[in-house]
Amino acid sequence: MTPHSPSSGSKNPKKKTSAKKDPGKKAAKRAAKEAAKESVKKSVEKSANESETTPETEPMTEPSPVTKPSASHPVETAPAEVTPVEVTPVEVVAAEVVPVEVTPTEAAPVEAAPVIEAAPKKTELLPSPALDAADRERLLAGTHHDPHSVLGAHPLPGGVAFRALRPYADSVTVVAGDLRADLHADGDGFFSGALPLRGVPEYRLVIAYEGQVQETEDAYRLLPALGDLDLHLIGEGRHEELWRALGSVPMTHQGVTGTRFAVWAPNARGVRVIGGFNFWDGTAYPMRSLGGTGVWELFVPGVGEGELYKFEITRADGSKTQRADPMARRTEVPPNTSSIVTASHHEWDDAEWLARRAELPPHEAPMSIYELHLASWRPGLTYRQLADQLPAYVRDLGFTHVELMPVAEHPFGGSWGYQVTGFYAPTARLGTPDDFKYLVDALHRAGIGVLMDWVPAHFPRDDWALAEFDGRPLYEHEDPLRAAHPDWGTLEFDFGRREVRNFLVANAVYWCQEFHIDGLRVDAVASMLYLDYSREPGQWTPNEHGGRENLDAVAFLQEMNATVYRRVPGVVTIAEESTAWDGVTRATHHTGPGGFGGLGFGLKWNMGWMHDSLGYVQHDPVHRKHHHHEMTFSMVYAYSENYVLPISHDEVVHGKGSLVSKMPGDWWQQRATERAYLAFMWSHPGKQLLFMGQEFAQGAEWSEAHGPDWWLLDPAYGAEADHRGVRDLVRDLNTVYRDTPALWQLDTQPAGFEWLVGDAAEDNVFAFVRYDAEGTPLLSISNFSPVVRADYRIGVPDTAPAWHETLNTDASRYGGADIHNPDPLKPDPQPWHGRPTSIRVTLPPLATVWLRPA
């Protein structure tokens, strides 16, 4: 990208064009000019004589109210007592006279006279105070904490002093109304001068470089663009809309259009903003430190959307580092690392969805989640192109939600987004932030909720990002043992530091509020909760109570959940938590037996169910009787939390094989077992999550390089029907699931589930009944043996006169043998399994059957 100036929208002074004129008129004009010159000369001499005889004026101690200079309101000059100081004279060039239309009330009508062009008049101005040597050195070194106190315009007795720092400039001119003053070059890029003005005016700088002239507002004449309330909330660690205060924000400030830059760097000796607008040289753009908050701020006129930038930070030892903005809302496409000034122009069209999503609590509503990696779902598609395809595909399959693997910017694609450097920016690989909003909007209009993976546990060590951001540990813990993540080579956040906690809490709110995200699946919660996570004895320090719990992380998660639920009604937070931590989905104000309040999540991934159930189906059927408990144990703790049953990306990578390839037997048995397993999963208490590619029995592991094997669904492929059959089953599972409240309404209540057959280990059979709030049942019976079990007797509730198949995974349209129960099954009065009535049902091999009252 070719760098451009901060005043790219400004225009160079217009050049006069010549035209043919009448010789007589030319002569008259020359005579008029000579008369004007003589008049100006006499006026200047008269003014000088008057200034010598006029009594001394009182020196100004405060700037007078500023009136915007114009032709009708010229800048007022004031005579002043001049203190002798060794100065270099500064020349003032009188502005070109502008004709003014005179109204009858101002003067009597007069005959029009030719316009007189006054010749520039040079005069010596007030002396300008010399720049303190320490200030000069600190400004040039990038270590000045308050450059606005030195640069810009400042009142002095009898006038106003101007100073600018513009390296490489040939000249700098102050323009204020009808005054133009060429500032004196003081060396090292400094320019200064003083004007006999009654107050600090609104002015602009005209900067001449070799072959180029720029006109711009002076950033150092403006007040801070960050308010006291913002600074107070930042200092308290309670700014819930932090992205509106820090980072780059295009705005109009004091009538000037530009961008406010602000960054938290409390350990920095100085900060400068660099970018394409200053050719990546920040000498002329030092930022000021605002109080004791550690925030540095600068409003840069003329800089707008699309500009690249970074912060140049001077560390405590004097060395410098260039850093991407931690709050950047847009970034360059990796491997480039600059931040980009941006503003949103997307107009949302999902009001109906947002109003409807809060009607039911998530744990009492249907939730069937399709997890996907956006960059590889259909490789090469942008956010907007995905919006044309993804909603239709997901809606056709009947999923209620999508879960997007991390979309926040990350430098290494192979991390799948789990090593984030741009926490506030959707990855630029697929488009702009507004493009991502367009995709979310399209999904909502299709009736599909959007969840996204969020990674607040750790961040990578890239030296242009968060690691030792201002020269010392800032976002990471200052204790190296606490900071280093032992598994991933990353750094853990310092959850005990209020500003860091604020950075993350506001980030969670940001995605839900600004991008209409319906829920956050929080990654690696277990690694946050335990001080000894993946650490050996001696590699960790106990908490203040002598325990292994990370009390700072607990407080952070509680604050995050409470804040998100308060600010964004209808969203859900989901914990990927793999331990038995008590109260993950309990309210934060309810204290559990361990003495902790709940973490406040809405749902939790049931990693135990996933591990046990996959372990069971991977065994050969002849051995499954020895592992029968692995399919039933989940019901022992099913109501301890609000669960999601995940078959996620983690289970189909790194040599684990795809879902279908985990199953033993030949190709027919593998597909049959996957179908039976999916139906068992869909009927088990808890919400469902399935990773892309598993919905059509992809045989290969997932790879972010090429994504799902869509060619398996090509009609020209010989085994296409096998894969299409599994996908058709997933569609029907979702359809029946959404239409059957018994499968989701009481997921978190024991009244919604009852075992019918839980101990038939020799038969590899499981049977249970699900109930909705009205008591309407659905029977789910799974046969994980490769044999047909005809007339298999099962005790059933006596509330239904007959039962009929509503779904059978062995149906021929799914690729099965089509062994089914075509007629309604009427209960016999024969007690069985502790029930007063029972039915005799035919169970297909490696299949699950759902029955509903006829």
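Where is Leu846 found? Leu846 sits in the loop between strand 35 (837-843) and strand 36 (847-853). Keep in mind as you browse that this is a predicted model.

**The chain as a whole**

Let's step back for a moment. The secondary structure of the chain comes to 15 helices and 36 strands. The chain has 854 residues, and 55% of them count as buried.

**Backbone details**

Back to Leu846, which has a positive phi of about 45° although it is not a glycine. Its relative accessibility is 3%, so Leu846 counts as buried, the cut-off being under 20%.

Asp791 is another non-glycine residue with a positive phi, here about 50°. Asp791 belongs to strand 33 (residues 789-796). Is Asp791 buried, partly exposed or exposed? With a relative accessibility of 45%, Asp791 counts as partly exposed, because that class lies between the 20% limit for buried and the 50% limit for exposed.

If you are checking peptide geometry, stop at Pro334 and Pro335 too. The peptide bond from Pro334 to Pro335 is cis, and its omega is near 10°. Pro335 is located in the loop between strand 16 (320-323) and strand 17 (339-340).

| Helix pair | Axis angle | Axis distance |
|---|---|---|
| Helix 6 (residues 383-397) and helix 7 (residues 433-445) | about 20° | 9 Å apart |
| Helix 12 (residues 607-617) and helix 14 (residues 667-683) | roughly 150° | within 11 Å |

Why do helix 6 and helix 7 count as roughly parallel to each other? Their axes make an angle of about 20°, and angles under 35 degrees are classed as roughly parallel; helix 6 and helix 7 therefore fall into that class. Helix 6 passes helix 7 in a right-handed crossing. On the helix 6 side, the contact involves Tyr383, Arg384, Leu386, Ala387, Leu390, Pro391 and Arg395. These meet Asp434, Asp435, Phe436, Tyr438, Leu439, Ala442, Leu443 and Arg445 of helix 7. By residue type, this contact of helix 6 with helix 7 divides into 10 nonpolar, no polar and 5 charged.

For the other pair, the axes of helix 12 and helix 14 cross at roughly 150°. That makes helix 12 roughly antiparallel to helix 14, because the class takes in angles over 145 degrees. The crossing of helix 12 and helix 14 is right-handed. Trp609, Ser613, Leu614 and Val617 in helix 12 meet Thr673, Tyr677, Phe680 and Met681 in helix 14. Here the contact residues of helix 12 and helix 14 divide into 6 nonpolar, 2 polar and no charged.

**After strand 36**

Finally, follow the chain to Ala854, in the segment after strand 36. Ala854 has a relative accessible area of 58% and is therefore exposed. Which residues does Ala854 touch, leaving aside those up to four places away in sequence? Ala854 touches Ala802, Trp803 and His804. Ala854 and Trp803 are 51 residues apart in sequence, yet their C-alpha atoms are 4.8 Å apart in space.

Key. Residues numbered from 1 in each chain as written. Predicted model: local features only at pLDDT ≥ 70, side-chain atom pairs only at ≥ 80, totals over all residues. Heavy atoms only, no water. Axes fitted to C-alpha atoms, helices over the stretch in contact; angles between N-to-C directions. Helix = DSSP H or I, 4+ residues; strand = E, 2+ residues; numbered from the N terminus. Parallel < 35°, antiparallel > 145°, perpendicular 65-115°, else oblique. Left-handed = near helix turned anticlockwise from the far one by under 90°. Contact = heavy atoms within 4.5 Å. Nonpolar A, V, L, I, M, F, W, Y, C, P; charged D, E, K, R; others polar. Buried < 20%, exposed > 50% of the residue type's maximum accessible area, 1.4 Å probe, protein only.
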